[in-house]
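User: I would like a close look at a single part of this model. Please keep the answer plain.

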Amino acid sequence: MRESMRLFTGDSSRSKIVRRDSRLWRMVQERRASQVVKYRACEGEYFSSDFIFQILVLLPIKSLVRLSLVCKTWFNLINSSAFADAHLQFCETSLICFTPKSQFPNPHTLSIDLRLGLEQFSIFPTDSSRHYQPGHLRFLEFLDSKINVVELNITCSGHILATCDGLVLVQLGKNRGIVVMNPMTRKLVRYPLGTIPPISKHLESYGFMFSNREGRYKVVHLFIDKSLHVGCEILSVGTNSWRGVDGPSFGLLRKFAQESVSAIGALHWVPDIHNCEYIVSMDIDRETFFSIPLPSAYKRGDRLVELWGFLGLVAHNAQPFVIDIWIYKGLDGEAWSKQHTILIDFVTDDLVPVTALKCAREICFASRGDACYYIYDPEHQEMRRIEMEKKPGWHYGSYLPFVNSLVSWENPRDLL
């Protein structure tokens with residue numbers, strides 16, 4: 001009897017082991033099957049590559065960074081220039097700026113100075129660091145009813161000169177050169193400053209734009225010397241040297257009333273802030289300068305902006321409480337056309353246009369009086385105030401238009 005019970009007990013334990021083995025076997029098989037499905041999905045056996053492309057191109061940057069690690073096929077797709085260009089069309093415009101160093105920095109913060117070997121890591125402040133504190137790169141994300149301040153966890157002892165297609169042109173502190181970088185991918189490259197220093201930082205300007213003819217980005221440096229002659233030199237991203245070109249005609253450009261604006265294949269500058277009747281432009285492909293008459297005299301509070309692929313002028317009308325929106329569509333001699341007239345119930349001189357939201361097709365204004373932002377919807381002719389997140393110790397300076405993109409200067413594009 002005992003032997004039979006032992007045999008029975010042994011058989012039951014053996015059967016339990018078999019059941020456990022079968023459960024483990026099923027888990028292994030399911031895991032293997034899921035890997036096969038995942039592999040076949042990446043290789044396009046279940047969905048066409050075009051279908052996957054159309055889905056991925058609609059996703060935000062953070063999701064794409066994670067998905068690029070799924071498989072080699074998706075990595076190559078997401079990092080291709082064709083995908084970056086297509087994704088750029090769906091990227092909404094925001095504003096970007098350097099602000100003072102955070103009191104509680106993120107341990108994963110990227111220091112541009114450290115990466116380039118311009119500074120050595122030290123827990124104790126040096127004499128130079130006391131005089132030149134690095135700033136933190138942040139951007140303003142426009143939501144429905146508020147502006148969200150997003151920390152990019154990037155520091156640099158410098159300031160932003162220009163932006164283009166999600167790339168940022170930064171001048172390093174202590175005249176240590178310029179940097180072209182994509183804050184989202186954290187790729188960056190350093191170049192020397194312009195060869196001829198200006199007599200004042202207010203008498204120089206940098207422009208940054210993509211040349212369709214050459215298939216690369218160009219950095220344009222304008223500077224005014226003591227004789228009021230305007231010089232120009234260009235650095236093609238991918239090279240390491242500046243080359244001089246003929247600047248604008250003498251007397252055409254006296255100062256720089258605002259940062260350069262890139263639109264319709266050219267860079268544009270405003271030569272004066274008081275009743276200026278023209279702008280100075282440079283064709284980025286031909287590298288030639290010319291002037292464009294303005295539809296109304298440029299005044300305090302007016303701004304040139306890139307409006308939905310065209311050059312725009314947001315100008316305060318001679319009548320109070322009126323702002324006019326003008327569009328210039330091409331360099332082939334077309335005239336300015338008035339697209340919208342904004343009627344509001346408070347003093348418009350206090351509102352300064354800063355950017356146009358590409359996807360929402362709205363215009364963002366900054367108010368100098370109450371340090372807030374306003375969004376104008378041309379379709380519904382509505383102006384609404386947007387509250388901005390504020391944190392202790394943050395200083396909100398001037399912001400430049402910016403988009404979160406995957407664009408890189410390294411990947412060649414198809415030339416037009």
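Which strands form the open sheet, and in what order?

Analyst: This is a predicted model, in which local features need pLDDT of at least 70 and side-chain atom pairs count only at pLDDT 80 or more, while totals for chains, interfaces and linings use all residues. Residues are numbered from 1 along each chain as its sequence is written, and side-chain values use heavy atoms, with hydrogens and water left out.

The open sheet is made of 4 strands in the order E5-E6-E7-E8, and their pairing is antiparallel. Strands (E, at least two residues) and helices (H or I, at least four) are DSSP runs, numbered from the N terminus; two strands pair if DSSP finds at least two bridges between them. At the edges lie strand E5 (158-164) and strand E8 (187-191), each of which pairs on one side only. On average, neighbouring strands of this sheet are turned by 25° against each other, direction ignored; the axes behind this angle are lines fitted to C-alpha atoms, and angles run from 0 to 180 degrees between N-to-C directions.

Strand E6 (residues 167-172) and strand E7 (residues 178-182) run antiparallel and are joined by 4 bridges. In general, strands of a sheet pair through backbone hydrogen bonds, either parallel or antiparallel.

As for the setting, the secondary structure of the chain comes to 7 helices and 25 strands. Of the 416 residues in the chain, 45% are buried, meaning under 20% relative accessible area with a 1.4 Å probe, protein chains only.

Key:
Buried < 20%, exposed > 50% of the residue type's maximum accessible area, 1.4 Å probe, protein only.
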